[in-house]
Amino acid sequence: MQMRTAGLSIALSTVVLAIAVGAAAPRAQAPGAASRLQGKPNLSGIWQAITEANWDIRPHQARPGPPQFGALFAEPAGLGVVDGGEVPYQPWAAAKQKENFAKRWELDPEAKCFMPGVPRATYMPFPFQIIQGTNKIVIAYAFASASRLIHMDKVDDSPAENWMGWSRGRWDGDTLVVDVTSLIDQTWFDRAGNFHSEALHVIERYTPAGPNQIQYEATIEDPKVFTRPWKMTMALHRRQERNAQLLEFQCVPFSEEMMYGHLRKRAN
Amino acid sequence: MHHHSVRVISAAAAAAAIVLLASVPLEAQSSKTPWGDPDLQGTWTNQTLTPLERPAEFAGKPELTEEEARAYEARLRQQNNADIRTPGTRRDVTVAYNDVWWDRGERIVADRRTSLIVDPADGKIPPMTPEGQKRAAAARAASAAFGDNPAAPEDLDVYSRCIIRSALPRLSTGYNNNYEIVQTPGYVAILQEQIHDTRIIPVDGRPHLTGAVRQWLGDSRGRWEGDTLVVETTNFTDEARGSTFRDATKNMVLVERFRRVDAETIDYQFTVTDPDTWTRPWTVKMPWNKVDGLMYEYACHEGNYGLANTLRSARAAEKAAQQK
Amino acid sequence: MKRILIAAIAMFALGVTPVPGSAHHSFAGEFDVEKPIKLQGTITRVEWINPHAWIHIDVKRPDGTVESWAIEGGTPNTLYRRGITRESIKAGMVINVDGYLARDGSKKANGRDLTLPDGRKLFLSGAGANEQPGR
């Protein structure tokens, strides 16, 4: 009789304790504390590419910038991020890219603070933050406060073309594969005038390579502009400073003089 | 004999557990993310017909009856119907286009309050401080000075310039009042349709940014209080027309509370405090309702022909005036 | 009785304070309240963009010349949520525009009231249009 009562008390206490512990467990977790979520890698965090791709995705040597700024806005050399080194343009498109390059400081949509599109947003020299939810993933880019919503659940097609496309994601083992369609044709791949049409289709692959690195691949398909699909590859690095935070780069006001200065009221 | 005792103990313990679980408060049983935070995720709208302040016709009447509510909604929908013209008036120009392009909402808030403001109890924004009044008057005068003819983009407000639409906290506007909440351990993200901004709210207890860094959407820090996400936002900027909420200073403090009530509703409240602007803090309560649909991209600056058109029109009007 | 009702509705409409949203972007800076305009034209293309969609039309003048006009609409996102797609209005369709002329004298107008030649409001009568706003 004694033993039964004691046993019941212990069992009861255990249950009470279990509930109490459960209720008091800390809710918020430190960012990055969960390296896996729902059985998959947790890609959440603040990331940035360290490449010269935004100046030119192809292998290129150092170049002058606008002369009045001396070395300030000159362009570094880069090994390129294009697999094989060459962008396989159709002949008409190769000529157009050269025209774009010749007028790049005037034509580059980056100068107007237009959203950079995919994959350029990935390798702009600005950080971005991935917030991996249970059926959606948000990628917030510091540049122009551009954002993308990656649908991990089934969704209809986009009703329109979008500057940041329409993204559908799925897992392939530990790789996040994102299929991006409905991309507007007005973005460039870089500052060198590499471009595409509205037929652009991008397939991204994000594969963890250690706790602070993601291997990133973007396959580019655009039968109106290129002779075949081609690929860009680069590493993404976690921003690891204490209390790392994505800060705004709201560049619309910075672009207004360039875009609207000619419409400013002149003093008589 | 031994086994029998153990079975009895186990059964008793199980029964005790069931009794204890049943007495745990309801909030601990609500929807949770896999890592244990309350789940606010989904596509939401704060669209409502309920006005911010209690209209004079409802003075002293904090809420309507069912019948009054339906009649009021019908009247507001009629008033908002952009297909109703007032040709040749300024209003006809600013209403701008047919009702099919607008989405001002169909219903007032479910609890039939006559104002979104719940504190002060009269449903009105508290009086402004003398300094706040001066600042608001100066802002109106500055806008009136250029009227329809801004000299430069910076004369116009952040809305027209496609910088932000609008300063936080966001009330419901004429369309696209949609938000996507996505959570991951340590963060709550709110993607706002206008203008494609993602508010990223850390919930790990880190301090605010230094006051030297100001942001258009401020700097947000969150924490969980039971099932409620409490978000404090500071570090606003006053660098542009309309960059602060209703003529507040950049030192305004915004505290928002988000609580998932059921599958279709978030109980959303905010309190704004700015002793240099209002004589006391004030609080708004409005539900965020589930959207049966998707977020769409709202690129703004990329297609903002209207800004160039407005500046061009201003220069043309000045030229015409000079030639008279 | 109907006239009284219409007048009453008009009075309500006039008496109401500026609706949220319209106070921010002043169309009055872009379009001239003193210059109402009515046009009929054939759609050549539609820019389904934010913050405002633009409908480009060719307008045939009495003397036979053809002018290109740009008509400003609202946010297409609201249309998509009503089940209206880009198939709803396309190049070749004829539409009537009742709006206000651009202040800078260019061939632009805001599409204050857009209708089909038979008087039906544009979009609400198109194929695939869903007259209940999505919510």
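Of the contacts in chain B with a separation of 6 or more, 62% are between residues 24 or more positions apart, two residues being in contact if their C-beta atoms, placed from the backbone, lie within 7 Å. The structure is a predicted model, in which local features need pLDDT of at least 70 and side-chain atom pairs count only at pLDDT 80 or more, whereas totals for chains, interfaces and linings use all residues. Residues are numbered from 1 along each chain as its sequence is written, and chains are lettered from A and ligands numbered from 1 in the order in which they are written.

Chain B contains five helices and ten strands; helices (H or I, at least four residues) and strands (E, at least two) are DSSP runs numbered from the N terminus. Its C-alpha atoms occupy a box of roughly 115 × 50 × 40 Å along the principal axes. Of the 324 residues in chain B, 42% are buried. A residue is taken as buried if 20 or more other C-beta atoms lie within 10 Å of its own, as exposed if 12 or fewer do, and as partly exposed in between, with C-beta atoms placed from the backbone.

Chain C has two helices and five strands, in the order α-β-β-β-α-β-β from the N terminus. Buried residues account for 35% of its 135 residues. For residue pairs of chain C at least 6 apart in sequence, 56% of the contacts join residues at least 24 apart.

Between chains B and C, 50 residues of chain B are in contact with 50 residues of chain C. On the chain B side, two or more residues come from each of α2 (66–80), α3 (90–95) and α5 (305–323), and α5(B) gives the most, with seven residues. This side of chain B comprises 19 nonpolar, 20 polar and eleven charged residues, where Ala, Val, Leu, Ile, Met, Phe, Trp, Tyr, Cys and Pro count as nonpolar, Asp, Glu, Lys and Arg as charged, and the others, Gly among them, as polar.

In chain A, nine strands form a closed barrel with mixed pairing, in the order β3-β4-β5-β6-β7-β8-β9-β10-β11. The twist from one strand to the next averages 30°, with axes fitted as lines to C-alpha atoms, for helices over the stretch in contact, and angles running from 0 to 180 degrees between N-to-C directions. Strands are paired if DSSP finds at least two bridges between them. Strand β11 (residues 230–238) of chain A is antiparallel to β3 (residues 45–49) over three bridges, with A:Leu236 as the bridge partner of A:Ala49. It also pairs in the antiparallel sense with β10 (residues 213–221) over eight bridges, where A:Gln215 has A:Ala235 as its bridge partner. Strands β8 (residues 175–181) and β9 (residues 201–208) of chain A are antiparallel over five bridges; A:Val178 is bridged to A:Glu204.

One residue of the twelve in α2(A) is buried, so this helix lies largely in the open.

The largest nonpolar core has 99 residues, and A:Val138, B:Val188 and B:Ala189 have the most contacts inside it. Such a core is a set of buried Ala, Val, Leu, Ile, Met, Phe, Trp, Tyr and Cys residues joined through C-beta atoms within 7 Å. Beyond its neighbours within four places in sequence, B:Ala189 contacts residues including A:Ile131, A:Val138, A:Ala140 and B:Ile200. A second, separate core of 31 residues includes A:Ala160, B:Tyr97, C:Val46 and C:Leu79.
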